[in-house]
Every structure is written in structure tokens, then in C-alpha cells.
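The entries follow in the order of looking up.

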Amino acid sequence: MFAVKCIKSNKYDSLRPKFQAAFDFLQNTDLKVLKQGSQIRLAEGVTAIIKETYLTEPREERKFEIHRKHFDIQYIVEGQEFIGTVFVEDLEQDGEYDEKEDIVFFKEPEQSGGLVLREGDMAVFSPEDAHKPGCFMDKQEAVRKIVIKIAVCDE
């Protein structure tokens, strides 16, 4: 999403090479032949997760999430999905932060936005961007996705 409010720039300064590794991978790899369920280390602090094909779900069955230690690049290989978006500061936490998985979920806000990703589209979510992936638009459909985790620098 790259919409970030009042960031501390030193938290993000050294990410440029990490993002370049991710974008080079997406641009120069035959993504449709990658083994589903696998993980590929692209660079120090950059990992591509080749998701298993899944079915999108109704928006009310999904939860907003953030990752405190990573940016998410979500790239659609096949299919399409709706991803809800909202700044984390507008949310109420729903459960404890899972440090091992670097994820925390949130209750549904009164208002949120969203975007549609189709084959070949990607979105970038910072730790301040809550997102609710895996939602269907009009009907349920199968999606193949690659999620690239990019470690955030220490403050």
C-alpha cells in the first residue's frame, strides 16, 4: 500500500536493496512453475512464500492483520481477490501478537477501504497498513499468490 503516516525514516532507510531483490524476483522468474508451499530466500531479510492455491472467502470471515517486523508484498499469480485495507491506528486488537509468526489480528472497524488484485497485480503493505487478504469479490474463486516478506530495519 505504501501509505504510511508519520514514519521514522531510519526504520526504512536500508530497505531499498531488499525491495530491489523482491522486484527482480517477481519480474525475472517464471512464477507459475514455482512449487506451491515452498519458501525461497531472495536476500538477507527477504523471503518469497509460494502459497498453496486457496479459495477466497467472504469478507466477514476474514480478519485484518499486520506484521510488525515485515513489509508484505502480495503478488497474484492466478485469480483475483479483494484485500481490505485500513491504518492500524484505527483498529482494536483481537488477540495477542504472535511473535514467531509476526502477526496480530484486529476486530472489524466501522469503516475501511480496499483494493482488488488480479493476475499480475501486487500490493505492498507496511507494518502500519492493516490488510485483510483472501476475500472474494462477487464469487468464490481459486487464487495462487506469492507473498514476499521484507524485514524492517531496527529503529
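I began with phenylalanine 23, which counts as partly exposed at 27% relative accessibility (buried is under 20% relative accessible area, exposed over 50%, partly exposed in between, with a 1.4 Å probe and protein chains only). I then looked up phenylalanine 19, which counts as buried at 8%. The rings of phenylalanine 19 and phenylalanine 71 are edge-to-face, because their centres lie 5.3 Å apart and their planes stand at 75° (rings of Phe, Tyr and Trp, the last by its six-membered ring, pair with centres within 6.5 Å; planes under 30 degrees apart are stacked, over 60 edge-to-face, the rest tilted). This pair joins helix H1 to strand E5, so parts 52 residues apart in sequence are tied together (helices, H or I of at least four residues, and strands, E of at least two, are DSSP runs numbered from the N terminus). Phenylalanine 71 is buried, at 3%.

I noted that the model is predicted: local features need pLDDT of at least 70 and side-chain atom pairs 80 or more, while totals for chains, interfaces and linings use all residues. Residues are numbered from 1 along each chain as its sequence is written, and side-chain values use heavy atoms, without hydrogens and water.

I found 2 aromatic pairs in the structure. The pair of phenylalanine 19 and phenylalanine 23 is tilted, with 5.9 Å centre to centre and 35° between the planes. Phe19, Phe23 and Phe71 form one aromatic cluster.

I turned to H1, where Lys18, Phe19, Ala21, Ala22, Phe25 and Leu26 are buried. These residues fall within an arc of 155° seen down the axis, so they line one face of the helix (the arc is taken over directions from the helix axis to the C-beta atoms). On the other side of H1, I listed Arg16, Pro17, Gln27 and Asn28 as exposed.
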